[in-house]
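Here's a quick tour of the fold you have on screen. Start with the sheet, then look at the ligand and a helix.

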Amino acid sequence: MKKITILSGKGGVGKSSITASLAVTMSKKHKIICVDCDVDASNLALIFGLRDIDYDSWKPISTNQKAYFDLEKCNSCGKCYRTCYFDAIKFENNKPELKQFSCEGCGACELVCAKDAITLVNVDNAKIGYAKTKYDFKVVSAQLGIGESGSGKVVSAVKELGDKLSENSDFMLIDAAAGIGCPVIASVTGSDYVIAITEPTPSGFSDLKRALKMVNHFKIPKSVIINKYDINLDFSKKIEKYLIENNLKLTSKIKYDKSFSDALMNLVPVIEQNEEFLNVFQKIYVDLSKEIF
Ligand code: SF4
Ligand code: SF4
């Protein structure tokens, strides 16, 4: 199974919309599975029309730990309070108290406590599940709990479940989060190909360059799609020039079209909202085939 990650340095450039239409296009020729690795704001399944009740099951998962204080053992030395880099410990009335949402589970406080008064305990920081779309492929999703950390490890858990459910799939399409942080790196790790989505704006271009730099580090073949290219033709040309100068492949330029937002409102991929886009995504698929087969 080949793994294709679709990412964007900047949010809001249409990454999940493009992933959804590409997935439906590919599913007509291949067995595929989709995994939504944007665990802070997962919405890929929504674009396929899936609701929470369509999931086979949601299971809590624990990919993070938090400090637990046994105050009976504590001698009030304050070392844990002074050590915590994340300012996750209050020290009032000479006793430590955890600020739940600030603790990153790094374990430094446990190491410095001479009284063994601190233990790291697992916490359920996310839920994970999968559902079958009407297009006959599965989507694996996860939702990070409010204020919880550990999203990179949740992404790894989503991909692991995707692997288990892949059942001779030809392709796994991975919808990464925006940015270049830990969850995106976890999404890209082990991928065979990366498609970077951008838009012709200064922030889109700047974030694209950062994202490509990150992908270069992993030496993964890649190409770029400029979405809404016609909202700023001069800037699109600037991005194209950059791609040529850096020997990077431009797979497609997609025009701005209200059908994208209409499709999101109607919970369908844009190729269902507007048949004009069937050809656009067929061309992207053919181009991609040449790159990865
Ligand atoms: S380091 Fe241990 S003993 Fe010292 S204040 Fe913290 S919990 Fe108490
Ligand atoms: S585990 Fe790390 S982040 Fe959490 S309270 Fe201890 S030192 Fe602070």
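## The sheet

Two strands count as paired if DSSP finds at least two bridges between them. Strands (E, at least two residues) and helices (H or I, at least four) are DSSP runs, numbered from the N terminus. This is a predicted model: local features need pLDDT of at least 70, side-chain atom pairs count only at pLDDT 80 or more, and totals for chains, interfaces and linings use all residues. Residues are numbered from 1 along each chain as its sequence is written, while chains are lettered from A and ligands numbered from 1 in the order in which they are written.

Nine strands make an open sheet with mixed pairing, in the order 3-8-9-2-10-1-11-12-13. Strand 3 (57-61) and strand 13 (249-254) sit at the edges with a single partner strand each, so one side of each has no neighbour in the sheet. From one strand to the next, the twist averages 20 degrees. (Axes are lines fitted to C-alpha atoms, for helices over the stretch in contact; angles run from 0 to 180 degrees between N-to-C directions.)

Strand 2 (residues 32-36) pairs with strand 9 (residues 138-144) in the parallel sense over three bridges. Cys34 has Val139 of strand 9 as its bridge partner.

## Around ligand 1

Ligand 1 is surrounded by 14 residues, the closest being Cys74, Cys77, Cys80, Cys113 and Ala117. (A residue is near if its C-beta atom, placed from the backbone, lies within 6 Å.)

## Helix 1

Helix 1 (residues 15-27) has end C-alpha atoms 18 Å apart, in agreement with the 18 Å its 13 residues should span at 1.5 Å a residue. (The expected span is 1.5 Å times one less than the number of residues.)
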